[in-house]
Amino acid sequence: MVGTQAVDVPRLVVAAPASGTGKTTVATGLMAAFAERGLAVSPHKVGPDYIDPGYHALATGRPGRNLDAYMCGPELVAPLFAHGSAGCELAVVEGVMGLFDGASGEGELASTAHVAKLLKAPVVLVVDASSQSRSVAALVHGFASFDPEVRLAGVILNKVGSDRHEELLREAMEEVGVPVYGALRRAPQVATPSRHLGLVPVAERSAEAVDSVRAAAEMVREGCDLEGLLGLARSAPALRTDVWSPGAPEALGGIGDAAAGLCPGPRSSIAGGAENVGSGRPIVAVAGGAAFTFSYAEHTELLRAAGAEVVAFDPLHDEQLPENTAAVVIGGGFPEVYAPELSANERLRKAVAELARSGAPVVAECAGLLYLSRSLDGQPMCGVLDADAKMSGRLTLGYRDAVAVSDSVLAPAGARLRGHEFHRTTIEPGAGPTPAWGMRLPTPRVEGFVQGGVHASYLHTHWAALPDIARRLVERCSAP
């Protein structure tokens with residue numbers, strides 16, 4: 001951490017009474033509309049979601065960042081926000097689910113309301129008004145009065161049917177004294193396609209995603225009081241907090257900036273290309289492309305701060321790993337959608353398997369686990385693991401408390417952490433002879449695979465909460 005500072009970034013939280021109200025469209029549209037005005041906008045998402053931050057990044061030109069009070073702990077929410085928003089003129093934080101919905105059985109923990117309080121940020125509630133008029137006032141009044149510590153400062157009315165409908169809604173809101181900052185008509189052109197795990201990621205939509213973000217920005221410009229919302233964001237008080245830094249000793253378990261080299265700034269991202277090779281730092285290849293889109297920006301920053309050179313590769317198209325690769329990180333995504341194409345890239349599958357057999361670190365989460373398996377829906381994969389994966393009709397979703405069962409490149413045996421599962425696939429067996437994690441919920445079980453330098457599991461983790469992971473991984477690399 002950098003020492004305690006007064007962080008005075010204007011900020012607001014975009015929340016909703018429930019999922020499905022258009023919160024992501026409105027938040028992304030606001031980010032894009034303000035960025036088009038020339039403001040440096042810092043995009044954030046409450047919770048573990050990987051997909052929405054991709055749209056946020058497209059809207060702002062900056063990495064979308066997550067604020068997860070369960071995986072990272074409440075104490076890291078403000079420091080991570082301060083890190084991500086450094087140098088920005090506005091921060092927009094998109095909430096998760098309903099305003100007060102958090103980790104199951106944990107009260108307000110990890111809810112949008114919890115994060116808003118930690119950030120001392122005003123909340124704007126996006127309300128689906130499509131099937132109501134005066135009743136919207138009762139709904140908003142209930143949300144505004146439920147927790148006096150949450151500053152519900154206004155609403156944006158979404159899916160408004162007509163001028164008359166808008167008039168009735170505004171009259172109702174006057175009765176409860178909550179300002180209306182926007183009224184948005186139904187707009188199918190801004191709809192984002194979904195599938196079995198939610199929205200389709202930006203990397204899979206390219207030009208279509210750009211058009212959707214542009215349409216959302218136009219809708220928000222026409223229907224929202226941008227000056228009023230900016231004034232509301234500027235009303236947030238200064239936030240006294242430490243500032244998280246990937247190169248600080250506590251972030252790397254004892255390695256600081258001086259030992260690790262340059263610490264990337266908040267605009268850093270995964271780099272690729274020959275210019276990154278040959279620096280004398282171990283090359284950590286990070287999977288990307290359309291099949292592997294789930295990654296937290298802090299992971300790359302921590303790897304670099306620990307001394308690695310981070311190079312991206314695309315398992316759909318690249319036939320070889322980057323030159324001198326010393327470790328591979330394969331995060332989440334949708335390999336089940338691209339199983340035939342991944343399977344057809346036999347040269348890369350063999351290269352990954354060969355690296356794994358050498359004992360080099362190979363870290364895989366969820367989609368990466370499937371890619372390392374023997375097969376996925378009958379299509380040959382890397383064959384690193386003696387296991388077969390397939391699509392399932394059941395969604396596995398939720399936060400998890402886990403303990404490391406075995407020593408691995410990520411953690412020593414007995415280490416405890418919090419993670420997240422999110423998949424509609426199964427793998428058989430679910431654990432190897434040396435499992436990765438033990439969990440109590442939803443049922444007691446062991447899960448994942450540790451063999452040599454391989455660590456593969458369904459569990460998504462946020463490395464900012466786990467100080468030693470990046471350092472341990474880089475230490476296990478053999479420098480070129």
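View 1. The structure holds 0 disulfides, a disulfide being a pair of cysteine sulfur atoms within 2.5 Å. This is a predicted model, in which local features need pLDDT of at least 70 and side-chain atom pairs count only at pLDDT 80 or more, while totals for chains, interfaces and linings use all residues. Residues are numbered from 1 along each chain as its sequence is written, and side-chain values use heavy atoms, with hydrogens and water left out. Cys88 counts as buried because its relative accessibility is 10%, and Cys477 counts as buried at 12%. Buried here means under 20% relative accessible area, exposed means over 50%, and partly exposed lies in between (1.4 Å probe, protein chains only).

**View 2. Leu473 and the largest nonpolar core.** This core has 122 residues, and those with the most contacts inside it are Leu119, Leu303, Trp463 and Leu473. A nonpolar core is a set of buried Ala, Val, Leu, Ile, Met, Phe, Trp, Tyr and Cys residues joined through side-chain atoms within 4.5 Å. Helix α1 (residues 23-36) gives the most to the core, with 7 residues; helices (H or I, at least four residues) and strands (E, at least two) are DSSP runs, numbered from the N terminus. Leaving aside neighbours within four places in sequence, Leu473 is in contact with residues including Val284, Leu303, Val363, Leu410 and Trp463, where contact means heavy atoms within 4.5 Å. A second, separate core of 40 residues includes Leu321, Leu372, Leu376 and Ala387.

**View 3. Helix α4 and the residue that follows.** Helix α4 (residues 112-119) is mostly covered, with 6 of its 8 residues buried. Look for Thr112, Ala113, His114, Val115, Ala116 and Leu119, the buried residues of α4. Just after the helix, Lys120 takes a positive phi of about 50°.

**View 4. Where helices α2 and α7 pack.** Helix α2 (residues 51-60) and helix α7 (residues 207-223) pack at an angle of about 70°, with their axes 10 Å apart. The two are therefore roughly perpendicular to each other, a label for angles of 65 to 115 degrees. Tyr55, Leu58 and Ala59 of α2 make the contact with Ala209, Val210 and Val213 of α7.

**View 5. Thr241 and its surroundings.** Thr241 is found in strand β11 (residues 239-243). Thr241 counts as buried because its relative accessibility is 6%. Not counting residues up to four places away in sequence, Thr241 touches Gly3, Thr4, Gln5, Val7, Ala78, Pro79 and Ala82.

Conventions. Axes fitted to C-alpha atoms, helices over the stretch in contact; angles between N-to-C directions. Parallel < 35°, antiparallel > 145°, perpendicular 65-115°, else oblique.
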